[in-house]
Amino acid sequence: MCGAKAQRILMAIMLGFIMYLFATGCHGDPLKFKIAVILQTFMIIMLLIFAFTNFCPSLWFFDKIFGKCEWDKK
């Protein structure tokens, strides 16, 4: 496991959790809907920061723990 793979797995888990909150929030639980909107907005802002500055705090953190991915080496 390397940092970029761990970050992508975490992002997929977060998006799945947010989808769950949206789905349950649409059926009568306004708190879950609000939490889903806040988390989704946070993820969008973090992805925009990564796109414009090429710095992602979670990727930096996971690279420190798991090490960088060596995509070219096999």
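Modeller: Gladly! In α1, the buried residues are Gly3, Ala4, Ala6, Gln7, Ile18, Leu21 and Gly25. This is a predicted model, where local features need pLDDT of at least 70, side-chain atom pairs count only at pLDDT 80 or more, and totals for chains, interfaces and linings use all residues. Residues are numbered from 1 along each chain as its sequence is written, and side-chain values use heavy atoms, with hydrogens and water left out.

Colleague: What makes a residue buried or exposed?

Modeller: Buried means under 20% relative accessible area, exposed over 50%, and partly exposed in between (1.4 Å probe, protein chains only). Asn54 has a relative accessible area of 65%, so Asn54 is called exposed.

Colleague: What do the buried residues of α1 pack against?

Modeller: They pack against α2 (30-53) and α3 (57-66). Helices here are DSSP runs (H or I, at least four residues), numbered from the N terminus. With 23 residues, α1 therefore passes that cut-off.

Colleague: How do you know that Cys69 is in contact with Cys2?

Modeller: Contact means heavy atoms within 4.5 Å. Leaving aside neighbours within four places in sequence, Cys69 is in contact with Cys2, Gly3, Ala4 and Lys5, so each of these pairs has heavy atoms within that distance.

Definitions and conventions: Helices (H or I, at least four residues) and strands (E, at least two) are DSSP runs, numbered from the N terminus. The expected span of a helix is 1.5 Å times one less than its number of residues.
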